[in-house]
Amino acid sequence: MDPIQVRQAERDDALGVAALVLAMDHEDGADARPGFLTEYADAWLLDVDRRPTWLAEESDGNPVGLVQTAMVRKLPSLRRPTTAWMHVALVFVRPTHRGRGIAERMLRDAVEWGVAQGVERFQLNAEPKARTLYERVGFTAPGERLMELRVPPRP
């Protein structure tokens, strides 16, 4: 059994999600500021229904990675079908856990969930070093940084 489990984040995970975002920002050179964990957790909770998030955790519940998305549902129209799309906003795995396929597992779970919700298009802005990860999941590159994955409409 893999000691890393991937699951969709729940409201009780707000501080764990915030801690991973803090770690990601810190790795990118940002300075921490007092109160950021609570600030981020509160903001995420206010928008949690539109920001489906997946966590990777060790067996003791310690979060080691996340994929955060933004769900967009088009409003009904007489001129076009009502569809949904997802933007993959964040992909992060702690450096100590990289190279184990964790990000790919979280992305695949996010795509599977989205397809079940009627999502027909997934998009993200790809850093060059992460492009092969996204390609393994099925994303293509219509532009230099934007990548997307289109799913055929369900009958």
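1. Buried here means under 20% relative accessible area, exposed means over 50%, and partly exposed is in between (1.4 Å probe, protein chains only). Helices (H or I, at least four residues) and strands (E, at least two) are DSSP runs, numbered from the N terminus.

2. Before going further, a word on what you are looking at. This is a predicted model, where local features need pLDDT of at least 70 and side-chain atom pairs count only at pLDDT 80 or more, while totals for chains, interfaces and linings use all residues. Residues are numbered from 1 along each chain as its sequence is written, and side-chain values use heavy atoms, with hydrogens and water left out.

3. On confidence: pLDDT is the predictor's confidence in each residue, from 0 to 100. The protein has a mean pLDDT of 91, and 95% of its residues reach 70 or more. Strand β2 has the highest confidence, at a mean of 98, and β6 the lowest, at 77. Where pLDDT is low, the predicted coordinates should not be read in detail.

4. Back to α3 and its geometry. The helix has 15 residues and spans 21 Å from its first C-alpha to its last, close to the 21 Å expected at 1.5 Å a residue; the expected span is 1.5 Å times one less than the number of residues. Just after the helix, Gly 118 takes a positive phi of about 90°.

5. Glu 104 deserves a look of its own. This residue sits in α3 (residues 102-116) and counts as buried because its relative accessible area is 19%. Leaving out residues up to four places away in sequence, Glu 104 touches Leu 133, Arg 136 and Val 137, where contact means heavy atoms within 4.5 Å.

6. Now the core. A nonpolar core is a set of buried Ala, Val, Leu, Ile, Met, Phe, Trp, Tyr and Cys residues joined through side-chain atoms within 4.5 Å. The largest one has 29 residues, of which Met 106, Phe 122, Tyr 134 and Phe 139 touch the most other members. Elements giving two or more residues to this core are β2 (53-57), β3 (63-73), β4 (84-93), α3, β5 (119-125), α4 (131-137) and β6 (146-150). The top contributor is α3, with 6 residues. Another core lies apart from it, with 17 residues that include Ala 14, Val 17, Trp 44 and Val 48.

7. Neighbours within four places in sequence aside, Met 106 is in contact with Val 6, Trp 54, Leu 55, Ala 56, Gly 65, Leu 66, Val 67, Phe 92 and Val 93.

8. Several of those partners also meet through strand pairing, for which DSSP must find at least two bridges between two strands. β1 and β2 are antiparallel, with 4 bridges, and Val 6 has Ala 56 as its bridge partner in β2. β2 and β3 are antiparallel too, joined by 5 bridges, with Leu 66 in β3 as the partner of Leu 55. Between β3 and β4, also antiparallel, there are 9 bridges, and Leu 66 is partnered in β4 by Phe 92.

9. How covered are these strands? In β2, 5 of the 5 residues are buried, so the strand is largely enclosed by the rest of the structure. Thr 53, Leu 55 and Glu 57 are buried on one side of β2, and Trp 54 and Ala 56 on the other. β3 is mostly covered, with 9 of its 11 residues buried.

10. In α2 (residues 36-46), Phe 36, Tyr 40, Ala 41 and Trp 44 are buried. Seen down the helix axis, these residues fall within an arc of 125°, so they line one face of α2; the arc is that of the directions from the axis to the C-beta atoms. The buried residues of α1 pack against α2, β2, β3 and β4.

11. Finally, a loop: Thr 82 lies between β3 and β4. Thr 82 is partly exposed, with a relative accessible area of 49%.
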